[in-house]
Amino acid sequence: MKLVITMSRRYGTGASVIAQELSERLGIPVYNKDSIEHELADHAYETEADAIRELAKNPCIILGRCACDILRKQMNVLNIYVSADMEDRIHRVMELHSLSYDEARELVEKTDKARADYYYEHTGKSWGDVNDYHMILNTSELGVENCASILMQYFEKLEYI
C-alpha cells in the first residue's frame with residue numbers, strides 16, 4: 001500500500017523526531033513547511049494544497065500544513081496527532097533552543113496559537129479536533145522514543161507495510 005502519513009502536532013512534542021525515525025524505518029521522505037514551500041517554488045503549483053496532493057501520490061510523511069484535511073478523502077492516508085503535556089513541551093523547547101522557562105513557554109504558546117490560526121484559516125475547523133485524526137499519540141505518556149516503534153507495530157499488524 002502507498003501509505004501517506006500526516007502528522008499534526010503541538011509545538012515541542014517531539015513529532016519531528018518521530019517523523020524522522022519513521023522516515024528512516026519506512027524509507028519514505030518527510031515533508032515539512034520548508035520542503036513544501038520549496039516544492040511550490042520549484043514547480044508550477046498554484047497552492048500549497050496542490051503541492052501536498054502531488055507529494056501524496058507517493059508514500060511520504062507530511063508534517064502539518066493542514067495535510068490531514070487536504071488529504072482527508074484519500075484512502076491510503078493515516079492522520080496522526082501528536083500531543084504532550086505543556087510542562088514537557090516547555091522543557092523540551094528549553095533544551096532544544098537553550099531558552100529560559102519563560103522564553104520557552106512564550107514560544108510554545110505563540111507557536112500553538114499560530115498553528116491553530118493557520119489551521120482555522122485554511123480549513124474552517126478547530127485544530128486538534130480528535131475527529132480529524134485516526135490516532136493520537138501523547139509523547140508525555142508514551143515517550144518520544146517509543147512512538148515510532150508503536151506506529152511500526154501498528155502498520156505491520158494492519159499490513160500497511
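A salt bridge is counted here where a side-chain nitrogen of Lys or Arg lies within 4 Å of a carboxyl oxygen of Asp or Glu. By this rule, the predicted model contains 11 salt bridges. Side chains of opposite charge can pair when their charged atoms come close.

One of these pairs lies in helix α1. E21 forms a salt bridge with R25, and the closest N and O atoms are 2.8 Å apart. The two residues are 4 positions apart in α1, so about one helical turn separates E21 from R25. Both partners are partly exposed. E21 has a relative accessible area of 24%. For R25 the value is 40%.

E54 pairs with K57 in another salt bridge, with 3.0 Å between the closest N and O atoms. E54 is partly exposed, at a relative accessible area of 33%.

A further salt bridge joins K125 and D69, at 2.8 Å from N to O. K125 lies in the loop between α6 (101–123) and β5, whereas D69 belongs to helix α4 (residues 67–70). The pair therefore ties together parts that are 56 residues apart in sequence. The accessibility of the two partners was also computed. K125 is partly exposed, with a relative accessible area of 29%. D69 is buried, at 11%, which is under the 20% cut-off. This pair belongs to a wider arrangement. Salt bridges with shared partners link D69, R72, K125 and D132 into one network.

Helix α8 was examined next. The helix spans residues 144–157 and has 14 residues. From first C-alpha to last, α8 reaches 21 Å, close to the 20 Å expected at 1.5 Å a residue. Its buried residues are V144, C147, A148, L151, M152 and F155. These residues cover an arc of only 130° around the axis, so they lie on the same side of α8. The face turned away from this buried side carries the exposed residues E145, Q153 and K157.

Several elements cover the buried residues of α8. Among the strands are β1 (4–9), β4 (77–83) and β5 (135–138). The helices include α1 (15–26), α5 (86–97) and α7 (139–142). Helix α1, which holds the E21 and R25 pair, is thus among the elements that cover the buried residues of α8. Beyond the helix, α8 is followed by E159. The phi of E159 is positive, near 60°.

How values were computed:
Residues are numbered from 1 along each chain as its sequence is written. This is a predicted model: local features need pLDDT of at least 70, side-chain atom pairs count only at pLDDT 80 or more; totals for chains, interfaces and linings use all residues. Side-chain values use heavy atoms; hydrogens and water are left out. The expected span of a helix is 1.5 Å times one less than its number of residues. Buried means under 20% relative accessible area, exposed over 50%, partly exposed in between (1.4 Å probe, protein chains only). The arc is that of the directions from the helix axis to the C-beta atoms. Contact means heavy atoms within 4.5 Å.
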